[in-house]
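Please keep the sequence and the model at hand while reading.

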Amino acid sequence: MSTVESFRRRLEPLLRIAFGLLFLLVGWLALTPQPATLSSGNDKSDHLLAFLALTLLLRHGWSRRLAGQGVLAVMLGYGAAIELLQLRVPGRDGSLLDLGADLTGILLALGISRGGWVSLR
């Protein structure tokens, strides 16, 4: 096993923990009745950056188990679930534009990830 591969294997658990924490934080921020105070001031950039970070963590935390297509499906499903659930939260509304910003972040992350953009293996 190469030094790089050994490093990646040791790093995966940390990436998985970071993913889990960010996943919970994004869900909580998205589903609280009052819009979050933790914001850049631009809702679409918040969505893009959150899903970019989540996708990078998911892609690299489970790189040996989850291919690009799986990452795309999981993250897009999470974004769609948030938007649907927001329809039931007072003071919130689901938006296809938000889901589009999520998808943009997901695709950018897959493009940054090794082999993600060219080949969704």
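Arginine 16 has a relative accessibility of 24% and therefore counts as partly exposed. The model is a predicted one, and every value given here is computed from it.

The partner of arginine 16 is glutamate 12: the two form a salt bridge in which the closest N and O atoms are 3.6 Å apart. Side chains of opposite charge can pair when their charged atoms come close. Both residues belong to helix 1, where 4 residues, about one turn of the helix, separate them. An α-helix has 3.6 residues a turn, so residues three or four places apart point the same way. Glutamate 12 has a relative accessibility of 4%, and because buried means under 20%, glutamate 12 counts as buried. Arginine 16, at 24%, is over that cut-off and so falls in the partly exposed class.

Helix 1 covers residues 3–31 and also contains leucine 14. Leucine 14 counts as exposed because its relative accessibility is 54%, and the cut-off for that class is over 50%. Together with Ile17 and Leu21, Leu14 makes a nonpolar surface patch of about 330 Å². Glycine 20 is found in helix 1 as well; with a relative accessibility of 25%, glycine 20 counts as partly exposed.

The chain as a whole can be described next. Its secondary structure consists of 4 helices and 0 strands, which read along the sequence as α-α-α-α. The chain has 121 residues, and 31% of them count as buried. Its accessible surface is about 7,400 Å², with 68% of that belonging to carbon and sulfur atoms. Among contacts in the chain with a separation of 6 or more, 73% are between residues 24 or more positions apart.

Which elements do the buried residues of helix 4 pack against? They pack against helix 2 (43–61) and helix 3 (68–86). The buried residues in question are Asp98, Ala101, Asp102, Gly105, Ile106, Ala109 and Leu110. Helix 4 itself runs over residues 96–112, which is 17 residues. At the start of helix 4, serine 95 places a side-chain oxygen within 3.0 Å of the backbone nitrogen of leucine 97.

Alanine 101 gives a local view of this packing. Alanine 101 sits in helix 4 and is buried, because its relative accessible area is 9%. Apart from neighbours within four places in sequence, alanine 101 is in contact with Lys44, His47 and Leu48. Alanine 101 is also 9.8 Å from leucine 52, C-alpha to C-alpha, with the two residues 49 apart in sequence.

Another joins the side chains of aspartate 43 and lysine 44, at 3.1 Å from N to O. Aspartate 43 has a relative accessibility of 37% and so counts as partly exposed; lysine 44, at 34%, therefore counts as partly exposed too. Lysine 44 also forms a salt bridge with aspartate 98, where the closest N and O atoms are 2.6 Å apart. Because aspartate 98 lies in helix 4 and lysine 44 in helix 2, this pair ties together parts that are 54 residues apart in sequence. Aspartate 98 counts as buried because its relative accessibility is 6%. Through shared partners, the salt bridges join Asp43, Lys44 and Asp98 into one network.

Terms used:
Residues are numbered from 1 along each chain as its sequence is written. This is a predicted model: local features need pLDDT of at least 70, side-chain atom pairs count only at pLDDT 80 or more; totals for chains, interfaces and linings use all residues. Side-chain values use heavy atoms; hydrogens and water are left out. Patches are made of residues with over 30% relative accessible area and no salt bridge: like charges are joined within 9 Å, nonpolar side chains (Val, Leu, Ile, Met, Phe, Trp, Tyr) within 5 Å. Accessible areas come from the Shrake-Rupley method with a 1.4 Å probe; for residues, only the protein chains shown count as cover. A salt bridge is a side-chain nitrogen of Lys or Arg within 4 Å of a carboxyl oxygen of Asp or Glu. Helices (H or I, at least four residues) and strands (E, at least two) are DSSP runs, numbered from the N terminus. Buried means under 20% relative accessible area, exposed over 50%, partly exposed in between (1.4 Å probe, protein chains only). The expected span of a helix is 1.5 Å times one less than its number of residues. Contact means heavy atoms within 4.5 Å. A polar contact is a pair of N or O atoms within 3.5 Å; within protein, one must be able to donate a hydrogen and the other to accept it, and residues adjacent in sequence count only if both atoms are side-chain atoms.
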